Amino acid sequence: MANIRQQSQRFPYAQPIFMQGDRSLARALRDLLREQQPYMLESIHLDEAAPADALTLAEWSRAEQFPALAQRYGDYLYRQHPDAVQEAKPVQSLWAQWYFGLLLPPLMLALLAESRALDCSPQHIHVQFHEHGHPCAFWIATHDDEEARYLTAPQRIERLIQQHLIPAVNAIAQHGGINARLIWNNMGFSFHWFLGELKTLLDEATILQLEQMLFFTRRLQDGSDNPLYRTMLPRGGEMVRRSCCQRYRIPDVERCGNCTLSV
């Protein structure tokens with residue numbers, strides 16, 4: 001695989017003949033994941049037939065689906081404390097961390113380290129659930145996003161935010177157990193963490209542009225609010241998460257190592 005640092009600014013200037021690879025997009029992305037983050041292939045399946053129990057966002061977010069999944073996960077988390085009152089907010093916070101923690105990094109890698117752009121529309125992505133109710137695997141039908149082909153790296157990530165992340169967050173928050181702001185705060189840390197993982201692939205200027213767009217730009221290019229704005233804050237020479245994910249409120253679940261409540 002070519003060193004991406006040697007392909008600086010490839011998105012706006014790449015020629016069409018370069019963008020048309022002879023491999024399928026699915027094979028290119030599978031090879032990329034295998035080379036860079038092979039563990040992702042345990043939960044990301046590209047252009048493979050999704051199992052019957054895998055659901056799209058429109059399906060798992062229905063009133064008869066999501067509450068049941070969240071309840072199943074809550075029952076698992078509280079299994080040693082049957083008399084305790086289950087709190088929906090920390091349970092759904094952890095549920096959402098499973099969803100975005102498994103899906104966001106491979107989508108970022110696909111969009112930032114492959115010249116073709118993956119279409120991340122929710123209808124192309126099925127999620128399979130663990131017996132305990134949380135997301136455990138994703139089945140992605142790979143389609144080229146022609147409109148995103150020549151976008152810059154920050155523009156591709158902004159498109160991901162609008163195309164998939166906002167609908168997914170709203171789908172969880174609509175059920176009332178958790179507010180969208182907490183989910184975005186958790187996701188901000190996921191973005192920050194994986195940008196660190198990408199520093200060996202992307203040039204420093206691109207990383208800085210992405211950080212600026214994600215955490216320090218109040219509005220997206222269409223004028224709408226940036227839901228990730230100030231979810232990560234500079235403090236003491238490093239970036240820290242804005243708020244606690246609430247997981248500590250679940251019995252036997254410890255605080256994160258970088259919990260804001262420990263500061």
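What pattern does the chain follow, read along the sequence? The pattern is α-α-α-β-α-α-α-β-β-α-α-α-β-β, with helices (H or I, at least four residues) and strands (E, at least two) taken as DSSP runs and numbered from the N terminus.

1. Ground rules. Please keep in mind that this is a predicted model, in which local features need pLDDT of at least 70 and side-chain atom pairs count only at pLDDT 80 or more, while totals for chains, interfaces and linings use all residues. Residues are numbered from 1 along each chain as its sequence is written, and side-chain values use heavy atoms, with hydrogens and water left out.

2. The chain as a whole. There are nine helices and five strands in the chain. Of its 263 residues, 51% are buried (buried means under 20% relative accessible area, exposed over 50%, partly exposed in between, with a 1.4 Å probe and protein chains only). Among contacts (heavy atoms within 4.5 Å) with a separation of 6 or more, 69% are between residues 24 or more positions apart.

3. Helices H7 and H9. Two packed helices are described by the angle between their axes and the distance between the axes. Here the axes of H7 (residues 153-173) and H9 (residues 204-215) come within 9 Å and cross at roughly 35°; the axes are lines fitted to C-alpha atoms, for helices over the stretch in contact, and angles run from 0 to 180 degrees between N-to-C directions. The crossing is right-handed, which is to say that the near helix is turned clockwise from the far one by less than a right angle. H7 brings Ala-153, Pro-154, Ile-157, Glu-158 and Ile-161 to the contact, and H9 brings Thr-206, Gln-209, Leu-210, Met-213 and Leu-214. By class, that makes seven nonpolar, two polar and one charged residues (Ala, Val, Leu, Ile, Met, Phe, Trp, Tyr, Cys and Pro count as nonpolar, Asp, Glu, Lys and Arg as charged, and the others, Gly among them, as polar).

4. A cavity is a set of points on a 1 Å grid over the protein atoms alone where a 1.4 Å probe fits but cannot get out, and lining residues have an atom within 4 Å of a point. Volume here is the space filled by probe spheres set on the points, with grid points joined across faces, edges and corners. The largest cavity has a volume of about 40 Å³. Its lining has nine nonpolar, no polar and no charged residues, including Leu-29, Ile-44 and Pro-106. Helix H3 (25-36), strand S1 (44-46) and helix H6 (88-113) each supply at least two of the lining residues, and the largest share, three residues, comes from H6.

5. The second largest cavity. About 30 Å³ of space lies here. By class, the lining has six nonpolar, one polar and three charged residues; among them are Asp-145, Arg-156, Arg-159 and Gln-163. H7 gives the largest share of this lining, four residues.

6. Leaving out residues up to four places away in sequence, Leu-104 touches Leu-160, Leu-165, Met-187, Ser-190 and Phe-191. Its C-alpha atom is 7.8 Å from that of Ser-190, 86 residues apart along the chain. Gly-101 is also found in helix H6, but counts as partly exposed at 36% relative accessibility. The C-alpha atoms of Gly-101 and Phe-189, 88 residues apart along the chain, are separated by 9.9 Å. Glu-197 lies in helix H8 (residues 180-197), and its C-alpha is 9.4 Å from that of Pro-105, 92 residues apart in sequence.

7. Two backbone angles to look at. Most residues other than glycine have a negative phi. Asp-47, however, has a positive phi near 55°; Asp-47 sits in the loop between S1 and helix H4 (57-60) and is partly exposed, at 47% relative accessibility. Arg-230 has a positive phi near 60°. The place of Arg-230 is in the loop between H9 and strand S4 (232-235), where Arg-230 is partly exposed with a relative accessible area of 36%.

Conventions: 1 Å grid on protein atoms, 1.4 Å probe; cavity = no way out; pocket = protein on both sides within 12 Å on 5 of 7 lines; lining within 4 Å.
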